Amino acid sequence: MTETGIYGGSFNPIHRGHVELAERLCRDEGLDELWFMVSPQNPFKKSSPDLLDENSRLELARMAVREHPCLKVSDFEFRLPRPSYTADTLAALRQAYPDRLFTLVIGADNWLAFKDWKKPDEILSHHRILVYPRPGYPVQTASLPSGVRLTETPLIDISSTELRRLISQGEDASYGLDEVVWQEIRKRGYYRKA
């Protein structure tokens, strides 16, 4: 079976840290592929006012992974009822791709809140979970249930929030972005204050 990592998020915008983490997980954790699952806008909860529309974020993500064969970008959640809960997305993926084994990739911040997610036991019963370290969110490896593993990936200090702040102020955010993504953001005026 093809083992496929599912790394969900708004990717607003996708940055070098996301791609570097995904590459490391493919290489070190035995994933055949990793799919960036771009989350659509949630109509029930107004996210940040600077959330780009889902198709623009999807396109930027596709640009960012163009030279990384093991990384894919998925709009699978765009076709699911909203809001899209991880448990529902994974159940739909199992049905749509019975030949794949899906592994959930989440940050330590999300793992610490995992018990409050929708159907956490169902997720655990069907999927391996890879938890990547996040600054300020210590995970006790001894207390992790079977099938959950804390990865030894480096802490990458790049933040989408900080990149958006720099762009909105007309500053250089190229350090954190793939060159083609950075050029597209500039060309289209994304995240610039009106």
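Analyst: **The aromatic cluster and its surroundings**

One aromatic cluster takes in Tyr7, Phe11, Phe36 and Tyr132. Rings of Phe, Tyr and Trp (its six-membered ring) pair if their centres lie within 6.5 Å; planes under 30 degrees apart count as stacked, over 60 as edge-to-face, and the rest as tilted. This is a predicted model: local features need pLDDT of at least 70, side-chain atom pairs count only at pLDDT 80 or more, and totals for chains, interfaces and linings use all residues. Residues are numbered from 1 along each chain as its sequence is written, and side-chain values use heavy atoms, with hydrogens and water left out.

The structure holds 10 aromatic pairs. One of them is Tyr7 with Tyr132, edge-to-face, at 5.7 Å centre to centre and 65 degrees between the planes. This pair links distant parts of the chain: Tyr7 sits in strand E1 and Tyr132 in strand E5, 125 residues apart. Helices (H or I, at least four residues) and strands (E, at least two) are DSSP runs, numbered from the N terminus. Tyr7 is buried, at 4% relative accessible area. Tyr132 is buried too, at 11%. Buried means under 20% relative accessible area, exposed over 50%, and partly exposed in between (1.4 Å probe, protein chains only).

Another pair is Tyr97 with Phe102, also edge-to-face, at 6.2 Å between centres and 70 degrees between planes. Here Tyr97 is partly exposed at 29%, whereas Phe102 is buried at 3%.

Now the strands. Phe36 belongs to E2, where Leu34, Phe36 and Val38 point one way and Glu33, Trp35 and Met37 the other; all are buried. With 6 of its 6 residues buried, E2 is largely enclosed by the rest of the structure. E1 (residues 2-9) runs parallel to E2, and 6 bridges join them. Two strands pair if DSSP finds at least two bridges between them. Ile6 has Trp35 as its bridge partner in E2. From E1 the chain passes through helix H1 (residues 16-28) to E2, a β-α-β crossover that is right-handed. That means that, with the strands pointing away from the viewer, the path from the first strand over the helix to the second runs clockwise. Strand E3 (residues 71-74) is joined to E2 by 4 bridges, again in parallel. Trp35 has Lys72 as its bridge partner in E3.

E4 (residues 100-107) and E5 run parallel, joined by 5 bridges. Tyr132 stands opposite Gly107. On to E6 (residues 148-150): 3 bridges join E5 to this strand, also in parallel, and Leu130 stands opposite Arg149.

Next, the packing. In soluble globular proteins, nonpolar side chains tend to be buried together. The largest nonpolar core here has 37 residues; Tyr7 and Phe36 are among those with the most contacts inside it, along with Leu34, Leu71, Leu177 and Ile185. H1, E2, H2, E3, E5, H6 and H7 each supply at least two residues of this core. A nonpolar core is a set of buried Ala, Val, Leu, Ile, Met, Phe, Trp, Tyr and Cys residues joined through side-chain atoms within 4.5 Å. Leaving aside neighbours within four places in sequence, the contacts of Leu34 include Tyr7, Ala22, Leu25, Leu71 and Val105. Contact means heavy atoms within 4.5 Å. Another core lies apart, with 21 residues, among them Met37, Ala87, Ala92 and Val139.

Last, the charged pairs. Asp109 and Arg134 meet in a salt bridge, 3.2 Å from N to O. Asp109 lies in helix H4 (residues 108-112) and Arg134 in the loop between E5 and E6, so the pair ties together parts 25 residues apart in sequence. Arg134 is partly exposed, at 35%. A salt bridge is a side-chain nitrogen of Lys or Arg within 4 Å of a carboxyl oxygen of Asp or Glu. Asp50 and Arg164 form another, with their closest N and O atoms 3.0 Å apart. Asp50 is in the loop between E2 and helix H2 (54-64) and Arg164 in helix H6 (residues 160-168), so this pair ties together parts 114 residues apart in sequence. Asp50 is partly exposed at 32%; Arg164 is buried at 10%.
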